[in-house]
Amino acid sequence: DVHRILDRCALRLSSALAAKRKPRNVLLNSKHGLGKTLMVASLAERMRMELSLQIPMITFDCSEDTREYHLKGSFTVQVDGSTAFVPGPIPLAIEMANRTGLSMLCLEELSALTPGGQKIINSITDWRTGVFIPQIGKNIRLTGKAAVVVVGTMNPTNYGGVYTLNQDLRSRFVEE
């Protein structure tokens, strides 16, 4: 029941924020075509209305080709020929949370990440609440009470092109 899951997720988020705790990350695990992505967008909109906050949401489509620089960012050539660092979805979510207090990072098909790719997600989902960007030699961290809620979607592991989530990553989510 999509509405019941949405209600539970919203209640968990609201309760954690009211208690001034970091909200738990959410993992939506079900067959394809059941509206997981739409549920994440609905959750973000519901939280915006309930909390009267801007809650930016960043969505990233994971695949087995996803590499560290896709998630953290990379240098790219600009129109004028110069190079500039363009942050990936993880530092963007952190920067937005630092501005607004809360952001949501939706990682589509989280289980499509290779085991090595899954390790990259750990630092934003645990006590470190930040990420080290080797290309620029900086730690991008949450400040104050800012929080990033990571919502992962995935299909069952019997689907082709998916990996079993490693236990350290899976333990950082409440699974629905």
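## Contacts of L110

In this predicted model, L110 touches L27, C62, I121, G152, T153, M154, L165, L169 and F173 (contact: heavy atoms within 4.5 Å), leaving aside residues up to four places away in sequence. Residues are numbered from 1 along each chain as its sequence is written. Because the model is predicted, local features need pLDDT of at least 70 and side-chain atom pairs count only at pLDDT 80 or more, while totals for chains, interfaces and linings use all residues; side-chain values use heavy atoms, without hydrogens and water.

## Nonpolar cores

A nonpolar core is a set of buried Ala, Val, Leu, Ile, Met, Phe, Trp, Tyr and Cys residues joined through side-chain atoms within 4.5 Å; buried means under 20% relative accessible area with a 1.4 Å probe, protein chains only. The largest has 27 residues, and L110 is among those with the most contacts inside it, as are I90, I94, L105, L107, I121 and V148. At least two residues each come from β2 (57-61), α4 (89-100), β5 (102-108), α5 (115-125), β6 (130-133) and β8 (147-154). Helices (H or I, at least four residues) and strands (E, at least two) are DSSP runs, numbered from the N terminus. The largest share, four residues, is supplied by α4.

A second, separate core of 19 residues includes A10, M47, A147 and V149.

## Helix α5

Eight of the 11 residues of α5 are buried, so this helix is largely enclosed by the rest of the structure. The buried residues are G117, Q118, I120, I121, N122, S123, I124 and T125.

Note on methods: Buried means under 20% relative accessible area, exposed over 50%, partly exposed in between (1.4 Å probe, protein chains only).
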